[in-house]
Amino acid sequence: MQTVPSTEKSGNEHLLRIAAELISTSNHAVVFTGAGISTHSGIPDFRSPDSGLWNQHDPFEVASIWAFSHHPETFFDWIRPLSITAEAAEPNKAHKAIAELERQGYVKSVITQNIDGLHQKSGSKKVLELHGSARTATCSHCGKKHEQDYFKRIIIRENGIPQCVNCGKTIKPDVVLFGEALPREVWNEAYHECLLTDLIIVVGSSLEVTPANTLPDMAKRNGAKLIINNLGPTHLDSRADLLLKMDVVEGIGILAEFL
Ligand code: ZN
């Protein structure tokens, strides 16, 4: 395992060259992203205790399936500003670099814990959203899926609570709330990707959220090489093949330049 302080520019370049070599010699590289990649785009991490989001709210009171079912006004008052922020956010250099690595054939899929849609906005094609997406909404009563435009119009522009166009019940954003399981099909596909991969690149995740954080672990145990680009520590640091202890825009964000 190789690492140097992030202040040493030449050291960073050396590490990025090693990362580029690992990517160019891999057959099935997979990127695993967390909130740290989107903070540069102004998106707070809605599950993290240190995001500042929970200073005024108990997450279970506003962001749980219980809150959605019992206090929809409170729930939508909570999610509305987050939706407005996500709507206005633009992908940053790290998102764009991952999309470019996929376009060039190096990266086969992106597994993300984020719900902001910024990977898709930057051009990534195969994106597995473990915690769902804030872009669409589904009626939990009749199953009707509602597209982004309808959901955004009601909650952002009309400041309302979106009702199902079929049955009139309140529709829920396709975000995994506290108290809900991860979407099974997405999970299965992400799991499969982690069995196939020979190089998993963790970007902007401290790997604290379970069960998402078990995927890189599983890939590593299955023989994949592991690169971690995260400023803070993770529980897999000691087992990583390469640690990029640098900001994501200075890490994966410029990696393509070394390929
Ligand atoms: Zn319905």
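Let me start at the metal: the zinc ion has as its protein donors Cys139 (SG), Cys142 (SG), Cys164 (SG) and Cys167 (SG), lying 2.3 Å from it, where donors are N, O and S atoms within 2.8 Å of the metal (3.2 Å for Na, K and Ca), and where sites may look incomplete, as water is not among the atoms. Before I go on, please keep in mind that this is a predicted model, in which local features need pLDDT of at least 70 and side-chain atom pairs count only at pLDDT 80 or more, while totals for chains, interfaces and linings use all residues. Residues are numbered from 1 along each chain as its sequence is written, and side-chain values use heavy atoms, with hydrogens and water left out.

Back to the site. The four donor atoms subtend angles of 99 to 122° around the zinc ion, which makes the arrangement tetrahedral; that word applies to four donors if all angles lie between 85 and 135 degrees. Along the chain, the donors of the zinc ion follow the spacing C-x2-C-x21-C-x2-C. Cysteine 139 lies in strand β4 (residues 132-139) and cysteine 167 in the loop between α7 (148-157) and β6 (171-175), so this pair ties together parts that are 28 residues apart in sequence. Helices (H or I, at least four residues) and strands (E, at least two) are DSSP runs, numbered from the N terminus.

Buried here means under 20% relative accessible area, exposed over 50%, and partly exposed in between (1.4 Å probe, protein chains only). As for disulfides, taken as pairs of cysteine sulfur atoms within 2.5 Å, the count comes to zero.

Four bridges join β4 to β6, and the two run antiparallel; strands pair if DSSP finds at least two bridges between them. Of the five residues in β6, five are buried, so that strand is mostly covered.

Now to the open sheet, which six strands form in the order β3-β2-β1-β7-β8-β9, with parallel pairing. At its edges stand β3 (127-129) and β9 (242-244), each with a single partner strand, so one side of each is left without a neighbour in the sheet. Within this sheet, strand β1 (residues 29-33) and strand β7 (residues 199-203) pair in the parallel sense over five bridges, and threonine 33 has valine 203 as its bridge partner in β7.

Finally, the aromatic residues. How many aromatic pairs does a search of the whole structure find? The search finds four, where rings of Phe, Tyr and Trp (its six-membered ring) pair if their centres lie within 6.5 Å, and planes under 30 degrees apart count as stacked, over 60 as edge-to-face and the rest as tilted. The rings of phenylalanine 68 and phenylalanine 75 have their centres 5.3 Å apart and their planes at 85°, so that pair is edge-to-face. For phenylalanine 75 and tryptophan 78 the centres are 6.0 Å apart and the planes at 50°, so this pair is tilted. Both phenylalanine 75 and tryptophan 78 lie in helix α4 (residues 72-88), three residues apart, about one turn of the helix, and both are buried. Phe68, Phe75, Phe76 and Trp78 form one aromatic cluster.

Note on methods. Four donors count as tetrahedral if all angles lie between 85 and 135 degrees; four count as square planar and six as octahedral if opposite donors are over 155 degrees apart and all others between 65 and 115; anything else is irregular.
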